[in-house]
Structure formats: C-alpha cells, structure tokens
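Here's a walk through a ligand site and the helix packing that goes with it. Have a look at the model first, then read on.

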Amino acid sequence: MTYPPVTLNNGVTMPALGLGVYQSKPEETTDAVVAALNTGYRHIDTAAAYFNEIEVGEGLRRADVDRAEVFVETKLWISDYGYDEALHGFEKSARKLGVDQIDLLLLHQPLPTHFDKTIAAYKALETLLADGRVRAIGVSNQSPEELDRLIGETSIVPAVNQIQLHPYYTQPEWRAANDKHGILTQCWSPIAGAYTYNGNEKNPFTEPVLVQLGEKYAKTPAQIMLRWHLDHGFSAIPKSVKPERIRENFDVFDFALTPDEIASIDALDTGVSGSIDPDSLTLEDHGWPIPE
Ligand code: NAP
C-alpha cells in the first residue's frame with residue numbers, strides 16, 4: 001500500500017491525499033486532525049477563513065507524529081490581501097498553527113474587483129518563499145484568465161491551484177490551464193461535498209457508476225471517487241470529522257481504476273458548479289477580518 005506523493009513545480013513533494021477541515025467546527029477539528037495523522041495522513045489543508053487554525057495546530061502537536069513529517073497547507077483570506085497585509089496574514093496563520101514554516105500557502109480566492117491586491121498578496125507569498133517561511137506557494141479558485149494575468153505580473157508560477165473538482169464537476173478548461181502552466185490541480189470537495197451541502201439532488205453515494213465500481217473493488221463510492229482523483233494525478237483533500245470516514249477516505253491505495261473506468265466517472269460531469277462563482281466574491285461582502 002503506497003501513499004502517493006506528488007512533486008510540485010519547485011521540486012517539493014506533497015502527499016497527494018490530505019485531510020480538509022472546511023466546516024470542521026473548532027471543537028471537532030483537533031480530534032479530526034489527530035485521527036487523520038494517526039491513520040497515516042501526512043497532509044492537512046486548512047485556511048485562515050475556516051477559523052480553526054489554532055485547533056489544527058493543537059492536533060499537529062497532539063498526534064504521535066513529528067511536525068516535519070506533516071505537510072501543512074493553509075490559505076490567506078481576501079481581507080489580508082495587499083503586500084504588507086499578506087505578510088501579516090502569514091504571521092497570523094503561522095502563530096495560530098504553532099509552526100515556523102508553512103509547507104504550502106495559497107491565496108484563497110481571486111479578488112476580481114481588486115486584482116491589484118491579489119497580485120500584491122501573491123508578491124508577498126514570493127517574498128515568504130524566498131525567505132524560507134513557506135516551502136511552496138499557490139492559489140485557489142483562479143480561472144484560466146486570472147492565472148494568465150497573475151503569472152504575467154509576478155515572478156513565480158504557482159505550484160498549486162486548488163479548485164472545486166469532483167465527478168459531477170470535472171473542470172476540463174481549468175485543469176488544462178493548470179497543466180499548461182505546470183500547476184498541480186488540487187481538488188476541493190473531492191467527494192462532491194459542495195453538492196451534498198447545498199442540498200443538490202445529485203447524490204454521489206447512490207450514483208450507479210460509483211456504486212458498481214465500489215462493488216467490483218469492495219470499496220465505497222467515496223473511495224472510488226478518491227481513487228479517481230489519484231489516478232488522474234490530482235491532489236485531493238476530503239473533509240470528515242468522523243474517525244471511521246477519515247479512515248475510509250485513506251483506504252484507497254490498494255487498487256487502481258482502469259482507463260475505461262476513469263472515463264466512465266469523467267462522463268458523470270454535469271458542468272454545473274456546486275458552489276458560488278468564485279469571481280463573485282468582493283471585499284465589501286466577504287472581506288470579514290481574520291483575527292490576530
Ligand atoms: P468533501 O470533502 O467533498 O465532502 C465533505 C462532506 O462529506 C462532509 O459533509 C463529510 O461529513 C462528508 N463525508 C466525508 N467522508 C465521507 C464518506 N466517506 N462517506 C460519506 N460522507 C463523507 O467537501 P468539502 O469539505 O467541501 O471539501 C474538502 C476540503 O476542500 C475542505 O475541507 C477544504 O479543506 C477544501 N475546500 C476548499 C475550498 C476553497 O475555496 N479553496 C472550498 C471548499 C473546500 P462528515 O465530516 O460528517 O464526515
């Protein structure tokens with residue numbers, strides 16, 4: 001059973017599968033991180049705007065695993081965009097996580113109404129990378145056009161673009177843009193959580209293609225979806241606060257899908273996002289402050 005790493009465009013390796021903690025309540029987060037690390041996960045994805053970095057840090061310290069073995073990823077929120085603001089945002093996150101160095105720091109969203117601030121924040125990430133405060137830098141929810149613009153105005157191509165991607169929303173154009181630039185596609189809502197929590201009628205856990213493949217491999221639909229991500233070469237960061245699901249989502253390294261099976265899951269794409277348009281976020285409506 002191999003826990004696959006992916007190599008980022010700056011040579012840093014990252015475990016392909018991590019635990020996500022969006023919507024993990026602070027009081028559930030530490031236990032979820034400990035359960036994940038004790039299961040074998042070595043990658044945690046959080047964000048300043050999840051308001052649980054302190055509890056993630058507590059989990060990192062409580063688990064029976066060296067900090068150096070764990071790939072810690074977090075994201076700056078839009079209220080901390082701008083050069084000086086982003087440097088300060090990093091300090092806030094590092095302090096809350098209780099780490100000196102963050103393995104991967106992302107800009108959480110583009111800010112189309114203030115793209116100059118997005119660029120300035122990214123330049124701060126470049127400084128943090130040069131200073132060794134972060135090991136890799138990247139973005140999230142950046143469209144192909146936004147990536148082109150960001151890359152045109154900055155020096156370092158992002159290592160990662162974290163985007164909504166699951167069998168119901170396979171994002172071919174955004175993946176192609178990431179590939180064109182040598183950017184790793186990292187998938188949020190990898191088991192279609194965005195569809196589930198929006199009350200969408202689509203339910204991946206009863207989806208016949210996923211159920212039938214589950215029967216073939218003695219796996220659950222969630223495990224089939226996560227294997228599909230790995231077989232595509234993506235990074236995926238499923239969220240759960242339930243220890244049994246945390247273990248289930250990690251038990252995906254002992255089988256592989258065939259090209260036809262991968263294609264049958266690709267064909268579930270609806271082209272419909274399960275979430276809001278990332279470009280609709282504004283400082284005015286979504287720029288809630290990140291506490292010290
Ligand atoms: P997800 O991981 O696809 O799905 C999470 C949902 O599925 C939760 O309701 C979870 O509930 C449930 N679940 C987990 N494992 C399961 C299993 N084996 N069987 C059945 N249900 C299961 O969706 P997500 O949380 O939206 O995305 C994952 C991570 O991506 C987030 O935690 C976050 O780190 C990141 N993310 C990033 C962005 C961004 O803008 N960059 C946006 C959204 C998410 P329980 O916890 O109760 O198990």
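Helix H10 gives the largest share of the shell around the ligand, three residues. Helices here are DSSP runs (H or I, at least four residues), numbered from the N terminus. Keep in mind that this is a predicted model, where local features need pLDDT of at least 70, side-chain atom pairs count only at pLDDT 80 or more, and totals for chains, interfaces and linings use all residues. Residues are numbered from 1 along each chain as its sequence is written, and side-chain values use heavy atoms, with hydrogens and water left out.

**The ligand site**

Around the ligand sit 29 residues, and Asp-45, Ser-189, Lys-239, Ser-240 and Lys-242 come nearest; a residue counts as near if one of its heavy atoms lies within 4 Å. Sorted by class, the shell has 13 nonpolar, 10 polar and six charged residues. For that sorting, Ala, Val, Leu, Ile, Met, Phe, Trp, Tyr, Cys and Pro are nonpolar, Asp, Glu, Lys and Arg are charged, and the others, Gly among them, are polar.

| Residue with the polar side-chain atom | Distance to a ligand oxygen atom |
|---|---|
| Asn-141 | 2.8 Å |
| Ser-189 | 2.7 Å |
| Arg-245 | 2.7 Å |

On its own the ligand has 890 Å² of accessible area (Shrake-Rupley method, 1.4 Å probe), and the protein covers 90% of that. Two elements give two or more residues to the shell: helix H7 (193-197) and helix H10 (243-250).

**How H1 packs**

H10 also packs against H1, at an angle of about 40° with the axes 9 Å apart; axes are lines fitted to C-alpha atoms over the stretch in contact, and angles run from 0 to 180 degrees between N-to-C directions. The contact (heavy atoms within 4.5 Å) brings Ala-32, Ala-35, Ala-36 and Thr-39 of H1 up to Ile-246, Arg-247 and Phe-250 of H10. Those residues divide into five nonpolar, one polar and one charged.

H1 (residues 26-39) has H2 (residues 53-62) as a partner too, with axes that come within 8 Å and cross at roughly 35°. On the H1 side, the residues include Pro-26, Val-33 and Leu-37, and on the H2 side they include Val-56, Leu-60 and Arg-62. This contact divides into six nonpolar, three polar and four charged residues.

How values were computed
Polar contact = N/O pair within 3.5 Å; in protein donor to acceptor, adjacent residues only side chain to side chain.
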